[in-house]
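Hi,

Here is the structure I promised to pass on. Have a look at it first, and then read my notes below.

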Amino acid sequence: VKKEKKRSLRGTVTGNWKDKELKNAITTTTSGVLIPSVLSSRIIDLARDISLFTSAGVPVAPMETNNLKISRVKTDPVFKFKEEGKAATESSFELDDVELKAKTVYGYAYLTLEAIESSMNLENIVQQTFANAIAQAIDKAFLYGQNSDSFAPSGILNDENINSITATADSGYDDIIKAIGKVKQANGIPTVIGINSHTEELLALLKDQNGNYLAKPRVMEDLNTIVSNQLKYDSSAGSDALVFDPQALLIG
């Protein structure tokens, strides 16, 4: 597969095809080149491995069309005990529709002909660089959206219904513990915390009065910590962090 990736890049650019079957597998259009799915899917797989949300185990729903409707619970039914032989009291059970809409993330970059012809690790660099760029773009949009553009995700941190904690200076682990409590109070099971590298360093440097490094509080021990610099950092306002239940989210 690695040899195919290298030959496909060089063949497309230079026109020097040593593998005729590979040439036939690649579709050339007036505006560019469509590489075989076996190659493009590898870049997507790498991006999934790097992404904050897919690394956290957020379920991914395959979309056969551009739009997909799923249901979520709006009102839970109420169960009660009753006396034998007596009529039961009816309760309501409401579902709400959520529509997943496909969005397009794109990018392009230039490579010199010299690099394409001579680089020994060309395929690895191209795969990893584009996978990183895709993962960063997706995570940033999933977190904050892209301005108010309707063609991009709106951003989970822009959701007015999200539970939030306003961090306080020198709070240590307190604000994270409060965030865990917010998720549990909403009947979620928080198993992941997303932080940026500044917050990771800040927490790692916490010490007691004797200069000993502090251990994580027990309530945080089972949290999967994922470091993503897509979470904002501001030298005066501080950093964003995200405590969440991956099963409460869904990616189309």
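To start you off: in which strand does Leu95 lie? Leu95 belongs to strand β4, which covers residues 94-101. Before I go further, please keep in mind that this is a predicted model.

Is Leu95 itself buried or exposed? The relative accessibility of Leu95 is 52%, and exposed means over 50%, so Leu95 counts as exposed.

Now for the chain as a whole. The protein chain has eight helices and nine strands. There are 252 residues in the protein chain, and 25% of them are buried. Its accessible surface comes to about 18,100 Å², with carbon and sulfur atoms accounting for 50% of that. I also looked at contacts between residues at least 6 apart in sequence: 67% of these join residues at least 24 apart.

Next, one of the sheets. What is the order of the strands in the open sheet of three? The order is β6-β5-β9, and the pairing is mixed. Strands β6 (224-227) and β9 (242-244) stand at the edges; each has a single partner strand, so one side of each has no neighbour in the sheet. From one strand to the next, the twist averages 20°.

If you want to trace the pairing, go to strand β5, residues 192-195. Strands β5 and β6 run in the parallel sense where they pair, with four bridges between them. As a landmark, Val192 has Asn224 of β6 standing opposite.

The last stop is Ile193, which is also in strand β5. Why does Ile193 count as buried? Its relative accessible area is 1%, and buried means under 20%, so Ile193 falls on the buried side.

And what does Ile193 touch, leaving out residues up to four places away in sequence? The list is Ile176, Leu223, Asn224, Thr225, Ile226, Leu242 and Val243. One more pair to look up is Ile193 and Phe244: they are 51 residues apart along the chain, yet 6.5 Å separates their C-alpha atoms.

That's what I have so far. Over to you!

Cheers

Technical notes. Residues numbered from 1 in each chain as written. Predicted model: local features only at pLDDT ≥ 70, side-chain atom pairs only at ≥ 80, totals over all residues. Heavy atoms only, no water. Helix = DSSP H or I, 4+ residues; strand = E, 2+ residues; numbered from the N terminus. Buried < 20%, exposed > 50% of the residue type's maximum accessible area, 1.4 Å probe, protein only. Pairing = 2+ DSSP bridges. Axes fitted to C-alpha atoms, helices over the stretch in contact; angles between N-to-C directions. Contact = heavy atoms within 4.5 Å. Areas by Shrake-Rupley, 256 points an atom, 1.4 Å probe, with all protein chains shown as cover.
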